[in-house]
Amino acid sequence: MAGPLLEVDGLVKRFGGFTALNGVTLRVRAGERLGLIGPNGSGKTTLINCVSGVLRADAGRIVFDGADVTALPPHRRTRLGIARSFQIPKPFASMTVLDNLGIPLEYAGHARASQGTASVAEILREIGLEAKAHLQPAGLTQIEMRKLELARAMAARPKLLISDEAMAGLSHAEVDDILAILFRLNAQGITIIMIEHIMRAVMRFSERIVVLDAGERIAEGTPDEIVRNPAVEKAYLGE
Amino acid sequence: MARMGRALLVGGAVIAAGILFASLKLNPYVYFAGYVILQYVVIATAWNILGGYGGYVNFGTPAFFAMGAYTAVFLILSLRPPLFVLIVAGGLVAALLGLGIGYLTLRLRGVFFSIATLALSVVLQTIIVNWEFVGGSRGLSVIRPSEPPFGSYVKFLFAVMVALAVLSVLAARFIEQSWIGRGLAALRDNEEAAECMGVPTLRLKLFATTVSGFLLGVAGAPFPYYVTFIEPNSAFALDYAVNALAMPMIGGTTSWVGPVLGAVLLGSAQQVAIVTISSEMNLFIVGVVLVAFVVLAPEGILGLLRRLRGH
């Protein structure tokens, strides 16, 4: 088997005197479902901002699909196959749901869409937004907005999808709804990194979980191992 | 592509109508006022490529306009090339300036970008005021070429401005309906999200500032021949900054039609006010109309029409 899809090596990110990431190393296999957890301020979002390119790391290396992407701007990484959703939805407010998906499809998806014209309608159906295709984002509910975030990321035809707290603030049933979508996408061969505070969801979804605390990786393992790990318990609950 | 062909056809027809109009024997003031309105069509359209499509509000329109005008002055004084050369050169110098402010967008967004463009205008005006060769603060007289087409230079400039207006509107329309326009709309809505969805935001912003700058310079290049006396206060007038922003806002910023509508309506109203009330009234009119639109119809006339059709 080839190397991992994503390799993060010794990633360091500082904001002034504060070290948000302190030499984080991470490997993600193609097709894997990885959960990324940690207390607030542990560096989860900073890590994925560095992976997606929104932030430039101060040290370390990021290799995606065999290519060193450390110095690439975000749009180039998206074209290579890294797509993300945002924790706070950032839709293109002046466009319809359909046109929101048209942007990544046109700018990133077409470049690699092997199956001819990748249909936006198909993605919308899969995610359950087809009835809202012609609405503007302002007319969407909270969960539909989260779905739009995922659908838009999917329109970039990614190999790796990073879901940044796609479920925060949703009801029990809605969380299950989003989980089912993510499982379906993964079944199509898309590698998924899930960042989430809802433990029930991460535990069910992830094959492997990485725990960050204060910018360092403190644990890694299957959900069962993580639950029993004393270091993780300490990070979340204190001494 | 059929739509493209039709647009070119309509554009050609408008230019032909402009030439026909210029050969009529109307009151010279009609051409004089018409020139200003058309000049504003170019300015509003150019501003909107960056401000409307891309969401970067440029308060420094006078800087670009004056760059076009003073490049023309410089060339008239040194080489006296034909008007066409003045227009292209004025456009290119302003385009370079546009590329420069494009790089500002790396660090400055929103209101900070706008303030920087305003400052740019002030800095450039200070340079021109202290540059004696192009007239300094006293200004200088520009002598028009003799024996113009249509028997009058103002008529000739009017016809030229018709062509420039058509070309800028065609350019704006093309940008708006292409992948560039869609990318600009995405970055206007949310720059970070656009970048993460594969949109090369920096490249698109540089494109928009450069093209917008070029067209603003093009609008300013014939100005010295139009006024025949050029001085910094008129070339860097506040009117350009205010009108460039107000006209697209009043017409509607999301489509090429908006700036044209705004420029024609507001520009005509200003010209009428100058004659019938006073020359000081025109900015007052803009102010009142702009406030009314921002409060009552923030999406301009186009938005208003859309709302009426929707319900």
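**Note on the predicted two-chain model**

1. In chain A, residues 24 or more positions apart account for 64% of the contacts with a separation of 6 or more. The model under discussion is a predicted one. Chain A comprises nine helices and 10 strands. Its radius of gyration is 17 Å, close to the 18 Å that the globule rule gives for 239 residues, so chain A is as compact as a globular protein of that length. The C-alpha trace of chain A spans about 50 × 40 × 40 Å along its principal axes, and 47% of the 239 residues count as buried.

2. Chain B contains 15 helices and two strands. A compact globule of 311 residues would have a radius of gyration near 19 Å, and the value for chain B, 19 Å, agrees with this. Taken along the principal axes, the box filled by the C-alpha atoms of chain B is roughly 55 × 45 × 40 Å. Buried residues make up 50% of the 311 residues in this chain. Where contacts in chain B join residues at least 6 apart in sequence, 78% of them are between residues at least 24 apart.

3. The contact between the chains draws 20 residues from chain A and 16 residues from chain B. On the side of chain A that touches chain B, helix H2 (74-80) and helix H3 (97-112) of chain A each supply at least two residues. The largest contribution to that side comes from H3(A), with five residues. By class, the residues on the side of chain A that touches chain B are 11 nonpolar, four polar and five charged.

4. Within chain B, helix H7 (residues 179-189) packs against helix H9 (residues 201-220) at an angle of about 110°, and their axes are 10 Å apart. An angle of 65 to 115 degrees counts as roughly perpendicular, and H7(B) is therefore roughly perpendicular to H9(B). The residues that meet are B:Ile180, B:Gly183, B:Leu184 and B:Leu187 from H7(B), and B:Thr201, B:Leu204, B:Phe207 and B:Ala208 from H9(B). This contact of H7(B) with H9(B) has six nonpolar, two polar and no charged residues.

5. The buried residues of H7(B) are B:Gly181, B:Arg182, B:Gly183, B:Leu184, B:Ala185, B:Ala186, B:Leu187 and B:Arg188.

6. Helix H9(B) also packs with helix H2 (residues 28-53) of chain B, at an angle of about 170° and with the axes 9 Å apart. Angles over 145 degrees count as roughly antiparallel, which places H2(B) roughly antiparallel to H9(B). Among the residues of H2(B) that meet H9(B) are B:Val42, B:Ile43, B:Ala46, B:Trp47 and B:Leu50; the residues on the H9(B) side include B:Ala208, B:Val211, B:Leu215, B:Val218 and B:Ala219. The contact of H2(B) with H9(B) has 13 nonpolar, four polar and no charged residues.

7. The largest nonpolar core has 164 residues. Those with the most contacts inside this core are A:Ala151, A:Ile193, B:Val42, B:Ile43, B:Ala66, B:Ala69 and B:Met197. In soluble globular proteins, nonpolar side chains tend to be buried together. Leaving aside its neighbours within four places in sequence, B:Val42 is in contact with B:Leu164, B:Ala165, B:Ser168, B:Leu215, B:Val218 and B:Ala219.

8. A:Glu165 has a positive phi of about 45° and is found in the loop between strand S7 (160-164) and helix H6 (172-187) of chain A. B:Phe150 has a positive phi of about 65° and lies in the loop between strand S1 (140-141) and helix H6 (153-177) of chain B. A residue counts as buried when 20 or more other C-beta atoms lie within 10 Å of its own, and as exposed when there are 12 or fewer. A:Glu165 has 18 such atoms and is therefore partly exposed; B:Phe150, with 18 other C-beta atoms within 10 Å, is partly exposed.

Methods:
Residues numbered from 1 in each chain as written. Chains lettered and ligands numbered in written order. Predicted model: local features only at pLDDT ≥ 70, side-chain atom pairs only at ≥ 80, totals over all residues. Contact = placed C-beta atoms within 7 Å. Helix = DSSP H or I, 4+ residues; strand = E, 2+ residues; numbered from the N terminus. Nonpolar A, V, L, I, M, F, W, Y, C, P; charged D, E, K, R; others polar. Rg over C-alpha atoms; globule rule 2.2 N^0.38 Å. Axes fitted to C-alpha atoms, helices over the stretch in contact; angles between N-to-C directions. Parallel < 35°, antiparallel > 145°, perpendicular 65-115°, else oblique. Core = buried A, V, L, I, M, F, W, Y, C linked by C-beta atoms within 7 Å.
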